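Here is a short report on one protein model.

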Amino acid sequence: MTDTAVEPSDTQAEPEPPAPGNSRIGIECHDAWVEFPIFDAKSRSLKKAFLGKAGGAIGRNGSDVVVVEALREITMSLKDGDRVGLVGHNGAGKSTLLRLLSGIYEPTRGSTQIRGRVAPVFDLGVGMDPEISGYENIIIRGLFLGQTRKQMLAKVDEIAEFTELGEYLSMPLRTYSTGMRVRLAMGVVTSIDPEILLLDEGIGAVDAEFMKKARHRLQDLVSRSGILVFASHSNEFLAQLCDTAMWIDHGRIRMHGGIAEVVGAYEGPDAAAHVTQVIRDLENERT
């Protein structure tokens with residue numbers, strides 16, 4: 001029997017940012033599976049050949065239905081202050097795991113328990129309307145992330161200054177380039193105060209100078225978050241934002257440990273050396 005609990009930690013309209021060591025914030029998964037049924041038996045052999053390489057394995061559930069096992073035997077425990085990066089090839093299950101932790105997917109076996117307000121950021125463009133202005137999209141995107149209209153109105157000027165979009169904010173989103181849309185979405189995303197931040201990759205379609213500015217803003221966002229789970233192919237971002245890493249491979253947690261250790265096991269010693277250097281550079285910046 002599946003036991004899924006997603007419990008908000010506070011029902012007030014304008015909650016305070018999480019305090020360090022908040023025991024009300026946490027993530028618990030015990031032997032959690034996410035399976036998707038396959039009902040077309042005629043093409044079963046083709047699906048098995050393809051999906052077996054793409055990520056999820058093929059199996060049967062308790063009702064003898066053929067399923068794609070997108071996640072298998074996921075057991076993890078995260079507490080306030082944890083910053084975890086997810087590494088693994090495309091199709092390994094990173095995004096599925098984020099959706100499990102957000103409550104979008106329920107485990108088909110095992111259990112998950114999420115304590116705290118979750119801010120899922122899987123696609124920077126989700127919740128934005130191309131036919132309305134940038135200013136209006138700031139409000140809409142904020143509501144999508146669980147903020148109130150009052151909270152977002154108070155942040156509009158600060159977000160506008162960060163994006164550097166000027167008069168474009170009064171124009172419809174459809175007139176924006178990809179980089180401009182990313183600027184706007186990142187400005188909104190990094191303005192919130194989440195208890196649990198689930199961040200999927202999708203950052204990078206902006207110029208290097210703005211990316212440097214955004215990096216510091218992302219670091220501030222992470223520092224305000226109770227828990228961070230960040231899926232990315234960028235080892236540099238992982239090193240800048242996370243303390244530990246998980247290697248997801250074919251729907252399973254293959255390894256969990258220090259970032260350099262996990263990246264080294266996944267990509268090799270050169271990648272581990274690069275991560276170590278990024279961490280060292282960050283420590284030098286702070287001192």
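Cys242 sits in the loop between α7 and β10 (244-249). Helices (H or I, at least four residues) and strands (E, at least two) are DSSP runs, numbered from the N terminus. The model is predicted: local features need pLDDT of at least 70, side-chain atom pairs count only at pLDDT 80 or more, and totals for chains, interfaces and linings use all residues. Residues are numbered from 1 along each chain as its sequence is written, and side-chain values use heavy atoms, with hydrogens and water left out.

Cys242 is buried, with a relative accessible area of 6%. Buried means under 20% relative accessible area, exposed over 50%, and partly exposed in between (1.4 Å probe, protein chains only). Not counting residues up to four places away in sequence, Cys242 touches Arg83, Val84, Gly85, Leu228, Phe230 and Ile259. Contact means heavy atoms within 4.5 Å.

The second largest pocket has a volume of about 230 Å³. It is lined by 14 residues, and the closest to its centre are Ala239, Gln240, Cys242, Asp243 and Arg286. A pocket is an open set of points on a 1 Å grid over the protein atoms alone, where a 1.4 Å probe fits, with protein on both sides within 12 Å along at least five of seven lines; lining residues have an atom within 4 Å of a point. Grid points are joined across faces, edges and corners, and the volume is the space filled by probe spheres set on the points.

Helices α6 (208-224), α7 (235-241), α8 (259-267) and α9 (269-286) each supply at least two lining residues. The most come from α9, with four. By type, the lining has eight nonpolar, two polar and four charged residues. Here Ala, Val, Leu, Ile, Met, Phe, Trp, Tyr, Cys and Pro are nonpolar, Asp, Glu, Lys and Arg are charged, and the others, Gly among them, are polar.

## Helix α4 and its end

Helix α4 (residues 149-163) has 15 residues. From first C-alpha to last, α4 reaches 20 Å, close to the 21 Å expected at 1.5 Å a residue. The expected span is 1.5 Å times one less than the number of residues. The helix bends by about 45° at Val156; the bend is the angle between axes fitted to the seven residues ending there and the seven starting there. Buried residues in α4 include Val156, Ile159 and Phe162.

Glu164 follows α4, in the loop between α4 and α5 (178-189). Its phi is positive, near 60°. Most residues other than glycine have a negative phi. His250, in the loop between β10 and β11 (252-258), also has a positive phi, about 50°, although it is not a glycine.

## Accessibility and contacts

| Residue | Relative accessible area | Class |
|---|---|---|
| Arg141 | 0% | buried |
| Ile132 | 21% | partly exposed |
| His250 | 29% | partly exposed |

Arg141 belongs to helix α3 (residues 134-144). Beyond its neighbours within four places in sequence, its contacts include Asp123, Gly127 and Val189. Ile132 lies in the loop between β7 (118-121) and α3.

Overall, the protein has nine helices and eleven strands. Buried residues make up 48% of its 287 residues.
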